[in-house]
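Hi there,

Here is the structure we talked about passing on to you. Please open it alongside this email and look around before reading further.

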Amino acid sequence: MQQSLQANIKRLRTFLNYSRNYLRRNNPIKVLQKEIVAGLKDVLSINKKRKMVKYKLKYQIHQLNQMEKLIAQNNEHVFLRGNKFNEMR
């Protein structure tokens, strides 16, 4: 009886040592803290990201409008603008 009790206590100590070492390596409090900090950084920088996306979208729309304007100037079938171009030649 005493041997089985000692064996169980030894197993319990081994388990607790493994658990303690695991928690030292992978501290859930530190992981939670890092995730909270990363989340706060994302939330605080979302306005800056939104402005960048807005700028890029406006730039793409501007480029699209320029290309459409060039195509319309050189195309005979769009509002007869090509006729003007041909007359100037």
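Below is what turned up in it, starting with how to read the values.

This is a predicted model, so local features need pLDDT of at least 70 and side-chain atom pairs count only at pLDDT 80 or more, while totals for chains, interfaces and linings use all residues. Residues are numbered from 1 along each chain as its sequence is written, and side-chain values use heavy atoms, leaving out hydrogens and water.

The protein has four helices and zero strands (DSSP runs numbered from the N terminus: H or I of at least four residues for helices, E of at least two for strands). Along the sequence that reads α-α-α-α.

How much is buried? Of the 89 residues, 2% are buried (under 20% relative accessible area; exposed is over 50%, partly exposed in between, with a 1.4 Å probe and protein chains only). The protein exposes about 9,200 Å², with 61% supplied by carbon and sulfur atoms (Shrake-Rupley method, 1.4 Å probe; for residues, only the protein chains shown count as cover).

Have a look at helix H2 (residues 28–44), where you will find isoleucine 36. Isoleucine 36 counts as partly exposed because its relative accessibility is 47%. Together with Leu32, Leu40, Val43 and Leu44, Ile36 forms a nonpolar surface patch with about 530 Å² of accessible area (patch residues have over 30% relative accessible area and no salt bridge; nonpolar side chains, namely Val, Leu, Ile, Met, Phe, Trp and Tyr, are joined within 5 Å, like charges within 9 Å).

Finally, the whole structure holds one salt bridge (a side-chain nitrogen of Lys or Arg within 4 Å of a carboxyl oxygen of Asp or Glu). Aspartate 42 and lysine 49 form a salt bridge at 3.7 Å, N to O.

Happy exploring!
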